[in-house]
Amino acid sequence: LRELAEKRQLSEEIVSLLQAQFSDLPRELHSWRQMANYSPEMRQFACLLHLYHTKAYDYLRKILPLPHPYSLTNWLSNNEAAAGFSSDIFLWLQEKVERGDQACCCCAVLVQDVSLQKQQEWDPLTKQLTGYVDLGAGILDADEAPLASEAIILMAVGILSPWTAPLGYFLVNSTSGPFLAQLLRQAIHKLNSIGIVVLAVTSGASARGAETARALGIRIDPKRIQCTFQHPPGSAHSIAYFFDVPHSLLLIRNALQCFHKVEWLGDTMWWQHVVELATLGEQKVLELCSPESDRAGSKGSYHLKVSLATLLFSEGVAEALEHLQQLGLAAFQSCSGTVKFVRLMSSLCDVLYGRGPYGKEPLLAGNYTKISNLFDEARSCFVNLTDAVGRYIIKSKRKLGFLSLLLNAESLKWLSSNHICLKGTPSHHLHTHAFSLDPLEQFLGALQQACGSSGSPTCAVFQAAYHKLLASCSLAPSSPPGSGNASPWDVSLSQRRALTLGSIRAQYQPAPGRTLSPEYPYSAGLLLPSSALSNALTDLSLYAQSLACTAGWVAEQLALDLQCEPCLASLFEADESRLRCRSVLYIKKLGGVSLPSASVHHITSISEQVLNQYGKVGGANKNTKLWHLCLEQKVFQELLGESLLFPTLTKHLFEEELSINNHYTVLVKEITRYYLNVRTHPAQHLNLKYPCGRHKLKRLKGKHLFPSPLGSC
């Protein structure tokens, strides 16, 4: 070890750890010849040295008869939920393969790290100190050994069908790209040994992720991209490498924000256009009433509202910019280049991230030509992007986001050419969602909930939560932990939140309110057509008008956190004669509160009837969750058999899996809960803010639509 340190093949930190932990290892060559006779300490030493420095391990194999690196995999495996590879998960996967389940024949491997709180604790069950580094071969608990500060988690995700399997975790103090590369190779070898072919690996688009890619043999050079690596090294089998798309998009957002303006091939993208859109707020739009109206010639008004849940790189933002440009707002009159760039990025997300015309359905082989042309257009744009002084961004310190998307494009093209059209493939498509970290981050979200706190857990808390989560999972392809069945753009994970207009608005001071200039009186369209609800709301008694205003307030509160654009639009009364723009809503106001849709008004009316009928029953504690649930049940019973609610969502109902917690049913439940809560606790809502603060989002089949039920606050 001293010789390796002197030759700088092993860091002093690793040498010190090995010497402190393994000071009494046998030095005789014959003690190392039989693997079956290795002591736990000898196994720990071999595993640790190989994972931290493979070249040092290979060098030492010339002196000591150490086992082949892939023979170490079994020593890195454990039952239950101990650190290392999960033997139970691999056994379950092996059984699926042996039964001929073609869905498990190939997969992608995802890797992500979780921050841990350094803390030494005594475990009375194992009678050991915990909190130290543990790679699966045993705890490194010497007095000089460091405490663990991270957990590295690996997950396998189905490519031909949506299934996920957490492969295990490793407690480390510090990590590096070469270390993660060795862990990934061990995982790939273990999956190959049970008959599963690994086609892709995904990591975060970060400095560590880039280091891991280079350690595996990936080249991230725009002039010469190498998107695959061989496993085992030198073999004919290649594996594609992906960076997580949301991480890449976040880096690109940061680059655009820092450069303010980027140019390419005669077009210009201005970041200020995005800021103006995000900070637009609610605008009052004046327009003349229609001739058919009794008030013809007078002015009516709408309130133009931009959905802050809209993702930055989406068709919705491109349409919104064009729409506001057509309305004559001065801040958007030169946004054509910005629209072009956002639309290009949106198309890339459609393909690379599994949404839109290509991604919503699996990636079909017949789309290869169209997708290849799109990738060529993106490459031409990225390599020619320059900042305000003409420097190429692809060569700047803000290049990783653009390079990672170019690498993903090459990897997807390689997979499309080499695997989709292979004979014997059970289905000629790829689920591109499998190449993102979404399934793993959903699993980590459930793990954090099981930990019971929002901060970094200790090793003991993390391991207990991991054990609890695995024990509660059925491990079936249809419902694995962190299932990938949900539409990814309905999942409100932290990285996705950072890519919304709302996150951009939070970084800037809201712009002062503006109204459209008088010379554009007709640019926003005609007034809302006369409807039974609109007429009723103006003619009803004060009590009924109050009910309508409360329904409008409920719609406004739900819209603040709603992540689905069709569901968001369904909350307010729509003008069918107006050209639809998904990210820009025109809302009629009544007494300063938005006019709700007929369905929202109907649900709140039924809720009010139930509250009047059952809320006066004595003997019940009206502040309990059980009482609220009973009221909700009565409302749902009243709604059964009624006419169809939310007619605009009929098609949307069948876009997701048919379950009791699809978008349609969740919308009905949350409207009921919000209304009952504000009616039973009016003092808490006089300021018309969030009823109980901003809540953590509730997981429903992988979807995050609303804050948690108010009755559970």
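The secondary structure of the protein chain comes to 25 helices and 19 strands, where helices (H or I, at least four residues) and strands (E, at least two) are DSSP runs numbered from the N terminus. The model is a predicted one, in which local features need pLDDT of at least 70 and side-chain atom pairs count only at pLDDT 80 or more, whereas totals for chains, interfaces and linings use all residues. Residues are numbered from 1 along each chain as its sequence is written, and side-chain values use heavy atoms, with hydrogens and water left out.

**Chain totals**

- Of the 713 residues in the protein chain, 55% are buried, a term that means under 20% relative accessible area, with exposed meaning over 50% and partly exposed in between (1.4 Å probe, protein chains only).
- The accessible surface of the protein chain is about 31,000 Å², and carbon and sulfur atoms account for 53% of that surface.
- When contacts (heavy atoms within 4.5 Å) between residues at least 6 apart in sequence are considered, 72% of them join residues at least 24 apart.

**Packing of α13 and α14**

- Helix α13 (residues 368-384) packs against helix α14 (residues 400-418) at an angle of about 160°, with 11 Å between their axes; axes are lines fitted to C-alpha atoms over the stretch in contact, and angles run from 0 to 180 degrees between N-to-C directions.
- The two helices α13 and α14 are therefore roughly antiparallel to each other, since angles over 145 degrees count as such, while those under 35 count as roughly parallel, 65 to 115 as roughly perpendicular and the rest as oblique.
- On the α13 side the contact includes Y368, F375 and R379, and on the α14 side L405, A409 and K413 are among the residues involved.

**Around strand β11**

- K261, which is found in strand β11 (residues 261-264), is buried, with a relative accessible area of 19%.
- Leaving aside neighbours within four places in sequence, K261 is in contact with T268, M269, W270, T386, D387 and A388.
- H260, in the loop between α8 (245-259) and β11, has a positive phi near 70° although it is not glycine, and counts as exposed at 53% relative accessibility.
- L265, in the loop between β11 and β12 (267-270), also is a residue other than glycine with a positive phi, near 45°, and is exposed with a relative accessible area of 59%.

**A cis peptide bond**

- The peptide bond that joins H231 and P232 is cis, with omega about -10°, and P232 lies in the loop between β9 (228-230) and β10 (238-243).

Terms used. Accessible areas come from the Shrake-Rupley method with a 1.4 Å probe; for residues, only the protein chains shown count as cover.
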